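What follows is a walk through one chain, from its overall make-up to single residues. Please keep the sequence and the model in view while reading.

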Amino acid sequence: MSADPKPQRPVPLILLIGSVFVTVTVVEVLLGGVERSWLLSGLLLVGEFVVGVVLAVGVWTLIMARRD
């Protein structure tokens with residue numbers, strides 16, 4: 001009698017898109033007047049995307065943990 005682990009459900013696409021959109025929007029509003037080079041802007045955008053994905057995965061993990 002072994003307990004089979006529940007399959008992990010993937011993070012919904014709408015949650016990923018929403019989280020990335022909110023992260024990018026907040027950071028761009030906060031840094032709107034700051035002069036940046038194209039390289040710094042690109043690195044910042046990549047960092048915003050990564051933070052948005054991490055937030056989405058964290059929120060989804062909490063939601064799934066509360067359901068079980």
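Contact here means heavy atoms within 4.5 Å. With that cut-off, and leaving aside neighbours within four places in sequence, serine 19 is in contact with Gly52, Leu55 and Ala56. The model that shows these contacts is a predicted one.

The overall make-up comes next. The protein chain has 2 helices and 0 strands. Of its 68 residues, 12% count as buried. Among the contacts between residues at least 6 apart in sequence, 76% join residues that are at least 24 apart.

How are the two helices placed against each other? Two packed helices are described by the angle between their axes and the distance between the axes. Helix H1 covers residues 13-30 and helix H2 covers residues 38-67; the two pack at an angle of about 135°, and their axes are 8 Å apart. The crossing of H1 and H2 is right-handed.

Which residues form the contact between the helices? On the side of H1 they are Leu15, Leu16, Ser19, Val20, Thr23, Val24, Val27 and Glu28. The residues of H2 that they meet are Leu44, Leu45, Glu48, Phe49, Val51, Gly52, Val53, Leu55, Ala56, Val59 and Trp60. Sorted by class, the contact of H1 with H2 has 14 nonpolar, 3 polar and 2 charged residues.

Serine 19 is found in helix H1, and glycine 52 lies in helix H2. Is serine 19 buried or exposed? Buried means under 20% relative accessible area, so serine 19, at 14% relative accessibility, counts as buried. Glycine 52 is also buried, because its relative accessible area is 0%.

A polar atom of the serine 19 side chain lies 2.6 Å from the backbone oxygen of glycine 52. Seen from the glycine, and not counting residues up to four places away in sequence, glycine 52 touches Ser19, Val20 and Thr23. The C-alpha atoms of glycine 52 and threonine 23 are 5.6 Å apart in space, while the two residues are 29 apart in sequence.

Valine 57 is found in helix H2 and is partly exposed, with a relative accessible area of 37%. Its C-alpha atom is 9.1 Å from that of proline 10, a residue 47 places away in sequence. Glycine 58 is found in helix H2 and, at 31% relative accessibility, counts as partly exposed. A distance of 9.7 Å separates the C-alpha atoms of glycine 58 and valine 11, which are 47 residues apart along the chain.

Threonine 61 lies in helix H2. How far is threonine 61 from proline 10? The two are 51 residues apart along the chain, and their C-alpha atoms are separated by 9.7 Å.

Conventions:
Residues are numbered from 1 along each chain as its sequence is written. This is a predicted model: local features need pLDDT of at least 70, side-chain atom pairs count only at pLDDT 80 or more; totals for chains, interfaces and linings use all residues. Side-chain values use heavy atoms; hydrogens and water are left out. Axes are lines fitted to C-alpha atoms, for helices over the stretch in contact, and angles run from 0 to 180 degrees between N-to-C directions. Helices (H or I, at least four residues) and strands (E, at least two) are DSSP runs, numbered from the N terminus. A crossing is left-handed if the near helix is turned anticlockwise from the far one by less than a right angle, and right-handed if clockwise. Ala, Val, Leu, Ile, Met, Phe, Trp, Tyr, Cys and Pro count as nonpolar, Asp, Glu, Lys and Arg as charged, and the others, Gly among them, as polar. Buried means under 20% relative accessible area, exposed over 50%, partly exposed in between (1.4 Å probe, protein chains only). A polar contact is a pair of N or O atoms within 3.5 Å; within protein, one must be able to donate a hydrogen and the other to accept it, and residues adjacent in sequence count only if both atoms are side-chain atoms.
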